[in-house]
Amino acid sequence: MDLLPSEDQRDLIAAATDFLESRMPIEGIRARDGQPSAVDRDAWLEGAELGLLTLGLPEEYGGSGRLLDDEALLFATLAEHLATGPFLTSSLAARVAAQCGDLDLVGRISDGSVLVGLAELRGDGSIGPEGIKGTFDLIDCAGVSHVLLVTELGAAIVDLDEFPDVETLDSSDPGIRLATSTVTAATVRHWLPSGTDPIWLRATVLSAAGLAGLANAVTRLATEHAKLRVQFGRPIGVHQAIKHACADMAVASDAAMSQTLFAAVCVQSGRQDALFHALAAKTVASRAAIANAGATIQVHGGMGYTYEHNAHLYLKRAHVISHLFGEPTQVLADLLEQGAPQ
Amino acid sequence: MDLDFTAEQVEFREQVLTWLTEHKPRESRPRDDAGIREYDLAWQRTQWEGGWAGIAWPTEYGGGGLTLLQQLIWYEEYAAQGLPGIDACFVGLNHAGPTVMLRGNEEQKSFHLPRILKGDVIWCQGFSEPEAGSDLASLRTKAVIDGDHLVVNGQKIWTSSANCADFQELLVRTDNTGSKHDGITWVIADMHTPGIDIRPIKTMEGGAEFCEVFYDDVRIPLSNVVGEINQGWSVAMSTLSFERGTAFTANQVRLAKVVEDLIDFSRDHVGPDGRRPAIADDEIARRLARSRASVASLRAMTYVGICHTMKSDTPGPRGSMLKLHYADLCKEIAALAMDIVGADGLRNSSRWDPMGWVGNYFYSFSQSIGGGTSEIQRNIIGERVLGLPR
């Protein structure tokens, strides 16, 4: 049994961190605010070259063939640095395309020339091999050519052109782009049933990883501030009101990351209770990310409430991810339906 | 990363399961002091005869010398059987025993350690005082040297199992002149010594599992001092981490069982609308699901903690994170149970009763106080995990 990152995994995290800090700094979110796309395309291409989109893609398709725990660590790191762009949907789409035999699309996603956004069904409608129908939120679909849709039954890749009358909306998270479209009939380019590869399960674990990464990042942010900010002649971190808030954040983010890695290992080893643990991870990590981001704003005082500070960016990203691949209440309902874990 | 157990570990789990199934106590734990003493000691003796006493103790002291993962397996299976905690034997096995092992002299080791393992004796802890709770080092129960004895006067409080204990790990003040951490001595008190007066304290849950202990010119031989005179603080701290390692696994497995029991209970029990089962209520259903998720995360944290301990050999301040998370969850789940029970919560129950949700709820308040309050755990996490200033 081992749930600690190996040396190899620590190297992976360090390489991703280096790239994100130098090529995708958080400041870029504010710099591109108001522009059609949130993505810096040059940086995206470099990230693709570094293999950030193909870490879990099997080697036979040109990926690194790494296991889900590696991917969980990568997506936690991406979220910790508020990386912009549809990393998760593009890498999942490469997996879908590969198993549907579209090697051309796999190649183009992998080299960064094709980006795949996400469509989330809001309200009534349907997603299946025969087509899709309903009103969809389009997340990070500005300037992309393909869209991924994920359900418990399977995952679909649809051309963006299939979505009529795309209306751009003001996104609550300045680091993503949001639009909406109502589809009466659209063709599905590729459909991968969950029985062949449970994309939804992977998406649940990897979004939990992102949330755990956010929870972790804001814990660090608040703690560093509490060490440096001086009031009443002493760093505010000496006061229990602040110290205890930071301690609670540390526990929540540790619980979120531990459960996410536990779930990742359950999924990759095909354990019976893998779904239970993935749903538990999403639940724990959503709450940790949102609560910790809120606490971080409080620890920063007035500065935490400004647009200029990063704290709100983490909070907003946490809310976005918590609504992807299953509403929080649906995740809870699914979790309660599971048998007891082994 | 992996969650795999080796073939040997799987086989070990089988052995544990077989042994526990055959030897676990059949009758439920009595409620009276004499009954509890007899029951806990008999179960300890059974474990010793089966070769399972002191699984975390080194073999040179007669323990099982099990690896961390074997201990984890033992506690998982132990709790899964619904067996009670080690309760009255806890201090001897997980605190006083290990302290004697690390800091005691040969006579102390050879006299006390086998008795603890064999289930001959019960130990209690004499640390807290009315004026020294979280600020333990300010303790003032006084001991003066008189010939070859210490003469002890003062008072201890919150002493679990004092009314059925044979020995006590006792912290006394032997010097007042230096800093408060200096001048403390760790000594073994025979609880049958004249001058010791024990008064049980009834808890809000109704039981009397802890006591006040008064010392009036109690004479303790100097040969009972463990470590040096005035070095008691470091002696006491040397084993604080012992109880935060794998032993915690049992609590966490037990709490997971509580959640599953509560889910079953809420399928049969009428909910807040007076008609449908409680689980049909959206709010209750969501809280149950969140409890499941949180308890799963506690287990994952425990596993991660054990992985850390395997690499670094000491559990470190991560133990405080587990204890804090566990205490919060105990209280949250117990409060949820009260909401599910609804007006039936007017009927009192004991935590030892099957589905004793009311007693369990009252008991849950102790979880964030005993063994170091949650506030102290947050200080430890803030300072030693996050590096915040003192």
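B:Asn230 sits in the loop between strand S8 (225-226) and helix H6 (232-237) of chain B. Its phi is positive, about 75 degrees, although B:Asn230 is not a glycine. The model is predicted.

**Positive phi in chain B**

- B:Asn230 has a relative accessibility of 23%, so it counts as partly exposed; buried would require under 20%.
- B:Met355 is not a glycine either, yet has a positive phi of about 55 degrees.
- The loop that holds B:Met355 runs between helix H9 (318-341) and helix H10 (357-364) of chain B.
- B:Met355 is partly exposed, at 43% relative accessible area.
- B:Gly342 follows H9(B) and has a positive phi, near 65 degrees.

**Helix H9 of chain B**

- H9(B) has 24 residues, which should span 34 Å at 1.5 Å a residue.
- The end C-alpha atoms of H9(B) are 35 Å apart, in agreement with that expectation.
- Of the 24 residues, 19 are buried, so H9(B) is largely enclosed by the rest of the structure.

**Helix H4 of chain B**

- H4(B) covers residues 90-103, 14 residues in total.
- From first C-alpha to last, H4(B) reaches 19 Å, close to the 20 Å expected at 1.5 Å a residue.
- H4(B) bends by about 40 degrees at B:Ala96.
- H4(B) is mostly covered, with 11 of its 14 residues buried.
- Both B:Ala96 and B:Pro98 are among the buried residues of H4(B), as is B:Met101.

**The loop around B:Tyr61**

- B:Tyr61 lies in the loop between helix H2 (33-49) and helix H3 (68-80) of chain B.
- Its relative accessible area is 21%, so B:Tyr61 is partly exposed.
- Leaving out residues up to four places away in sequence, B:Tyr61 touches B:Met101, B:Lys109, B:Leu113 and B:Leu117.
- B:Leu113 is 52 residues from B:Tyr61 along the chain, but their C-alpha atoms are separated by 6.9 Å.

**H8 of chain A against H8 of chain B**

- Helix H8 (residues 240-268) of chain A packs on helix H8 (residues 282-312) of chain B at about 85 degrees, with axes 8 Å apart.
- H8(A) is therefore roughly perpendicular to H8(B).
- H8(A) contributes A:Val251, A:Asp254, A:Ala255, A:Ser258, A:Gln259 and A:Phe262 to the contact.
- H8(B) contributes B:Ala296, B:Ser297, B:Arg299, B:Ala300, B:Met301, B:Tyr303 and B:Val304.
- By type, the contact residues are 8 nonpolar, 3 polar and 2 charged.

**H9 of chain A against H8 of chain B**

- Helix H9 (residues 274-300) of chain A and H8(B) pack at about 95 degrees, with their axes 8 Å apart.
- H9(A) and H8(B) are therefore roughly perpendicular to each other.
- On the H9(A) side, the contact involves A:Phe276, A:His277, A:Ala280, A:Thr283, A:Val284 and A:Arg287.
- On the H8(B) side, it involves B:Arg290, B:Arg292, B:Ala293, B:Ser294, B:Ala296, B:Ser297 and B:Arg299.
- These residues divide into 5 nonpolar, 4 polar and 4 charged.
- B:Ala296, B:Ser297 and B:Arg299 meet H9(A) and also take part in the contact with H8(A).

Technical notes:
Residues numbered from 1 in each chain as written. Chains lettered and ligands numbered in written order. Predicted model: local features only at pLDDT ≥ 70, side-chain atom pairs only at ≥ 80, totals over all residues. Heavy atoms only, no water. Helix = DSSP H or I, 4+ residues; strand = E, 2+ residues; numbered from the N terminus. Expected span 1.5 Å × (residues − 1). Bend = angle between axes of the 7 residues up to and from the residue. Buried < 20%, exposed > 50% of the residue type's maximum accessible area, 1.4 Å probe, protein only. Axes fitted to C-alpha atoms, helices over the stretch in contact; angles between N-to-C directions. Parallel < 35°, antiparallel > 145°, perpendicular 65-115°, else oblique. Contact = heavy atoms within 4.5 Å. Nonpolar A, V, L, I, M, F, W, Y, C, P; charged D, E, K, R; others polar.
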